[in-house]
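Please find below a note on the structure under review.

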Amino acid sequence: MSSSTSARPAAAQERFDHRMAVFGSADAFVAAALPFLAEGLAAPDEPPPVAIAAPGNLAALRDALGTDAKDVGFIDHTDWYTGTAANAVAQGAGFLAANAGPGGRIHLLMEPDWAGRAGRSARESTEWIRYESLANLLFAPFATTALCAYDTRTAGPVVVDAARRAHPRTGVYEQPPVLVRELDAMPLPPAPRSAVPLADPAGVRDWAAGRGLPAAEAELFGRAVTEAAEAHGPVIEFLVWGEAPGCVCELRLCRAVADPLAGFVPPAGGDLAPGQGLWFTRQVCAYVDVRDGVPGDGGRIRVQYA
């Protein structure tokens, strides 16, 4: 590849540039990746671009780059996408703070990991599309250029079509509040009849330990519930059910959670600590669902540990 030496320097941008590419083969992945990386290599005030993708796609990209591969960072996407969508927010924010140029300038090629966990459930997929949409708000102040690469062989047509609505250049883009409201309108399964009501979050830790969570994890789950309650209470009732590791607590609130970014905005300092509200909850738990309430309730936060 010679485009990194011949490409015209790009004009510096000031805001998040969130792009999308769809591919169905290694060759198509490389065809989308090469001009993007060349743009990054030519951009002023930027560190080397980074490709985060499946190992096979990274290998094909290295071969296509030739000697230019030394100027590009490579990260196996199973090392990047290691948890929930909220964990990915933390990962991205931390990476930009440590590695980006002035104003967050860097080119990131990002292929989500859809196959490494034997496929994602519909619920997980919904969380990732929510993350893709909210990224337009979360990273808006950064001059980062991101190309999200979707493999039709692993992501599937439903996910790809939904992802198009979360990326501004696709022609079917929906503003984040519109798309997030639609996702959050999906009803949650009702709590089982065996669910146990609790008056306050203090009993969640002991209940979870009694359902099989190890003591340290029960403590963490209890703290996660407490953080949500302190940030968005008063709470009418805490309803718990399930067995370890899938312990669930639903907080029935006096008022709705109005902010669609609740729990997604990284705190100052970045380290996980008590007092961070729903950010702490989202970092600790596999699922955090926020919904408008049923008649008589202001809203609900449903937290599932794993």
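1. Basis. The model is predicted: local features need pLDDT of at least 70, side-chain atom pairs count only at pLDDT 80 or more, and totals for chains, interfaces and linings use all residues. Residues are numbered from 1 along each chain as its sequence is written, and side-chain values use heavy atoms, with hydrogens and water left out.

2. Rolling a probe the size of a water molecule over the atoms shows where empty space is left. On a 1 Å grid over the protein atoms alone, a pocket is an open set of points with protein on both sides within 12 Å along at least five of seven lines, whereas a cavity is a set of points where a 1.4 Å probe fits but cannot get out; lining residues have an atom within 4 Å of a point. Points are joined across faces, edges and corners, and a volume is the space filled by probe spheres set on them. The volume of the largest pocket is about 410 Å³. Its lining comprises 23 residues, and those nearest the centre are Arg181, Asp184, Val257, Val290 and Asp292.

3. Make-up of the pocket lining. Helices (H or I, at least four residues) and strands (E, at least two) are DSSP runs, numbered from the N terminus. At least two lining residues come from each of α6 (122-138), α8 (176-184) and β9 (287-292), and β9 gives the largest share, five residues. The lining of this pocket holds 13 nonpolar and ten charged residues but no polar ones. Here Ala, Val, Leu, Ile, Met, Phe, Trp, Tyr, Cys and Pro count as nonpolar, Asp, Glu, Lys and Arg as charged, and the others, Gly among them, as polar.

4. Cavity. How many cavities of 30 Å³ or more does a search of the whole structure find? There is one, and the volume of the largest cavity is about 200 Å³. Two or more residues of its lining come from each of α5, β4 (106-110), α6 and β5 (144-151). Of the 18 lining residues, Phe16, Met110, Tyr131, Phe139 and Ala146 lie nearest the cavity centre. Helix α6 supplies the largest share, four residues. By class, the cavity lining has 14 nonpolar, three polar and one charged residue.

5. Glu127. This residue belongs to helix α6 and is buried at 10% relative accessibility; buried means under 20% relative accessible area, exposed over 50%, and partly exposed in between (1.4 Å probe, protein chains only). Beyond its neighbours within four places in sequence, Glu127 is in contact (heavy atoms within 4.5 Å) with Ala85, Arg282, Val288 and Asp289.

6. Helix α10. The 18 residues of α10 (215-232) should span 26 Å at 1.5 Å a residue, and the end C-alpha atoms are 26 Å apart, which agrees. The expected span is 1.5 Å times one less than the number of residues. Among the buried residues of α10 are Phe221, Val225, Glu227 and His232. The buried residues of this helix pack against α9 (204-210), β7 (235-241), β8 (248-253), α11 (278-284) and β10 (299-304).

7. Cysteines. The whole structure contains zero disulfides, a disulfide being a pair of cysteine sulfur atoms within 2.5 Å. For Cys254, the nearest cysteine sulfur, that of Cys249, is 15 Å away. Cys254 is partly exposed at 46% relative accessibility, whereas Cys148 is buried, with a relative accessible area of 5%.
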